[in-house]
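Here is a short tour of a few helices, written to be read beside the model. Please keep the structure open as you go.

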Amino acid sequence: FRAGLIEFLISKNRSEEAVTELRAIMAAQPDNSDAGMDLVRLIFRTKGQDAAREELVKLASSHNKPFKFQMALADVEFAAGRTKEAEDLLRSVSKSLGISDDGIAAMLKLSGQLIARKQLPDAKTVIADVLKNDGENAVALSQRGQIQIEEGSYEAAIADLRAAINKDSKD
């Protein structure tokens with residue numbers, strides 16, 4: 001029922017009341033990171049990127065399950081040109097989570113951002129760490145293929161991209 005109320009409040013431009021309802025959901029369900037992400041999206045729409053970033057910082061440091069907020073914060077930092085902050089956050093998250101699904105997801109987000117910034121040697125190192133632990137990781141293979149294209153190693157790129165496609169189609 002609360003979700004319907006929140007949608008209604010948003011449709012009537014009563015965003016502060018919707019924020020209050022979302023915070024109530026978060027208080028009642030402390031492990032519910034989806035409600036926190038809904039809150040961040042609402043704040044972004046109504047108050048802008050800086051306010052949403054501020055909320056993400058709070059949630060990333062205080063929520064029972066901070067991973068989604070940390071990843072979203074890394075995206076916001078990167079999009080805002082705070083690439084060093086995004087990189088530091090992703091390195092910290094991947095180090096603390098180690099070789100887990102979330103740790104690997106943080107590593108892959110980091111390598112993707114490094115590729116976008118043309119920091120290919122650093123990206124290759126991160127990708128190699130992922131592939132050392134999961135040699136069939138489709139995202140890592142795809143990213144490595146992307147780097148190989150940049151470097152002109154087309155045959156190796158084709159092999160990695162085919163392997164990524166084959167792995168991804170099996171999952």
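## How H4 meets H5

Helix H4 (residues 49-62) packs against helix H5 (residues 67-79) at an angle of about 145 degrees, and their axes lie 9 Å apart. Helices here are DSSP runs of H or I with at least four residues, numbered from the N terminus. Axes are lines fitted to C-alpha atoms over the stretch in contact, with angles from 0 to 180 degrees between N-to-C directions.

H4 contributes Gln49, Arg53, Leu56, Val57, Leu59 and Ala60 to the contact, while H5 brings Phe69, Gln70, Ala72, Leu73, Val76 and Glu77; contact means heavy atoms within 4.5 Å. By class, these residues are eight nonpolar, two polar and two charged.

## A note on the model

This is a predicted model, where local features need pLDDT of at least 70 and side-chain atom pairs count only at pLDDT 80 or more, while totals for chains, interfaces and linings use all residues. Residues are numbered from 1 along each chain as its sequence is written, and side-chain values use heavy atoms, leaving out hydrogens and water.

## Glutamine 70

Let's look at one residue of H5. Glutamine 70 lies in this helix and is buried, with a relative accessible area of 16% (buried means under 20%, with a 1.4 Å probe and protein chains only). Setting aside residues up to four places away in sequence, glutamine 70 touches Ala60, Leu89 and Val93.

## Helix H9

Among the residues of H9 (residues 138-151), Ala138, Ala140, Leu141, Gln143, Gly145, Ile147 and Gln148 are buried. After H9 comes glycine 152, with a positive phi near 85 degrees.

Definitions and conventions:
Helices (H or I, at least four residues) and strands (E, at least two) are DSSP runs, numbered from the N terminus. Ala, Val, Leu, Ile, Met, Phe, Trp, Tyr, Cys and Pro count as nonpolar, Asp, Glu, Lys and Arg as charged, and the others, Gly among them, as polar. The expected span of a helix is 1.5 Å times one less than its number of residues. Buried means under 20% relative accessible area, exposed over 50%, partly exposed in between (1.4 Å probe, protein chains only).
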